[in-house]
Amino acid sequence: MTKLKDWLVAGLVLALGRGKPPRPPREGPRIVAAGEPEPRAETLLLVLLFLATVAAAAFVVVYALDRLSHQTQWLGLALGSAFGLLALACLVIARRLVVTEELTHPYPEPETPAEQEAIEQIVGESGSRFTRGRLVKLAGAGALGSLGLAALVPAASLGPVLDTDPFYRTPWRRGRRLVDEAGNPLHADSIEEGTFYTAYPAGADRELIGSPLVVVRLPPGEIAADRRSWAPRGIVAYSKICTHAGCAIALYRKPTFAPVEPRPALVCPCHYSTFDPADGGKVLFGPAGRALPQLPLLIGRNGELRAAGTFSGPVGPSWWGVRMGKART
């Protein structure tokens, strides 16, 4: 416990810059007149920077919770407040804490080392009103750092970052029946070729991303050899969630012109990702980056369709790490 305390104290000292040797005073006369300290303005600046940090942190918290009502409005209020408070802090610095002077002509372009040193001296002497410079720097770094973090956090919306487990777990397991929207079991004899069926797991939550299926029947000889055991009597089942952006597979293409549409296909109408039901859901066209997950089937004693296991891959839209996981029950 003592060592931890020592480390924390050492880190605080380094952050505040207490270990730095004092800068030697400049020789020669001042260019900018020394300003009177403004403790109230400096305190106001610290308060504004602290509030900006809190507002930016609130944006991250509201974004992470993802269950608040009117979340978009709260996000806008938090981020807008952070930028507004930071702008007010800059105004306080410019109007109250930086020594200014009026000139009748602009500064010349720096051409010699002496002129460059004079400009550096002016910049350094303009902050003579600050009495808690290190603390102000620390508060400013905290405000800017939290705003930078708030700007980066929305990148998490490009794909799952922390809670990825729901994308791998599905309600399907061996023996679970397929039912229709009314809860009636699907029988193998009732599945006709050229017809598109939607199915759900019996006794499970239909709102889960891994629940809905599309079921179609194909001639058994057209199904890829390595997936024929998954398709009793040519009946195949796939996830209804497109692997591109998570839209619903809602169209079943039946060939009408062989040169263009040589075989049946499952189509997402949103971005026209097209999948081959006869070849493990392989992508035939569109932006989808991986095959549609297939569910192996078996036929029960009463002719009911049942799952023979879980999906061939993760269900739902693709993200950078989707290929590293497998579907689980």
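Tutor: Let's start with one cut-off: a residue is buried under 20% relative accessible area and exposed over 50%, and partly exposed in between.

Student: Thanks! Where does G80 fall, then, and why?

Tutor: G80 has a relative accessibility of 42%, so it counts as partly exposed. The residue belongs to helix α3.

Student: How far is G80 from A56, in sequence and in space?

Tutor: In sequence they are 24 residues apart, and their C-alpha atoms lie 8.9 Å from each other. A56 is one of the buried residues of α2.

Student: Before we go on, what kind of model is this?

Tutor: It is a predicted model. The average pLDDT over the protein chain is 79, and 71% of the residues score at least 70.

Student: What about residues 12-20?

Tutor: There the pLDDT is below 50. In the model, that stretch makes seven contacts beyond near neighbours in sequence.

Student: Okay, the overall picture next. How many helices and strands does the protein chain have?

Tutor: Five helices and 11 strands. The chain has 329 residues, and 38% of them count as buried.

Student: What share of the contacts comes from residues 24 or more positions apart?

Tutor: Taking contacts with a separation of 6 or more, such residues account for 63% in the protein chain.

Student: Back to α2. How many residues does it have, and how far does it reach?

Tutor: Helix α2 covers residues 39-65, which makes 27 residues. From first C-alpha to last it reaches 39 Å, close to the 39 Å expected at 1.5 Å a residue.

Student: Which elements do its buried residues pack against?

Tutor: They pack against α3 (71-97) and α5 (133-152). The buried set includes L45, L46, L48, L49, F59 and Y63.

Student: What happens just after α2?

Tutor: D66 comes there, with a positive phi of about 55 degrees.

Student: Where else does a residue other than glycine have a positive phi?

Tutor: R233 is one of them, with phi near 60 degrees. R233 sits in the loop between β3 (213-217) and β4 (235-239). Its relative accessibility is 43%, so R233 is partly exposed.

Student: And Y272, where does that lie?

Tutor: Y272 is in the loop between β6 (265-267) and β7. Although not a glycine, Y272 has a positive phi of about 60 degrees.

Student: Let's switch to sheets. What is the strand order in the open sheet of four strands?

Tutor: The order is β5-β6-β7-β8, and the pairing is antiparallel. β5 (251-253) and β8 (282-285) are at the edges with a single partner strand each, so one side of each has no neighbour in the sheet. From one strand to the next, the twist averages 35 degrees.

Student: How many bridges join β7 to β8?

Tutor: Three bridges join them, and the two strands run antiparallel. T274 is opposite F285 in β8, while D276 has K282 as its bridge partner there.

Student: And what do β7 and β8 form together?

Tutor: They form a hairpin, with five residues between the strands. In the turn, G280 takes a positive phi of about 65 degrees.

Student: One more: how many residues of β4 are buried?

Tutor: Five of the five, so β4 is largely enclosed by the rest of the structure.

Student: How do β3 and β4 pair?

Tutor: In the antiparallel sense, over five bridges. For instance, L213 stands opposite S239 in β4.

Student: And how does β4 pair with β9?

Tutor: That pairing is antiparallel over two bridges, with β9 covering residues 294-295. The bridge partner of A237 in β9 is L295.

Terms used: Residues numbered from 1 in each chain as written. Predicted model: local features only at pLDDT ≥ 70, side-chain atom pairs only at ≥ 80, totals over all residues. Heavy atoms only, no water. Expected span 1.5 Å × (residues − 1). Buried < 20%, exposed > 50% of the residue type's maximum accessible area, 1.4 Å probe, protein only. Contact = heavy atoms within 4.5 Å. pLDDT = per-residue confidence, 0-100. Pairing = 2+ DSSP bridges. Axes fitted to C-alpha atoms, helices over the stretch in contact; angles between N-to-C directions.
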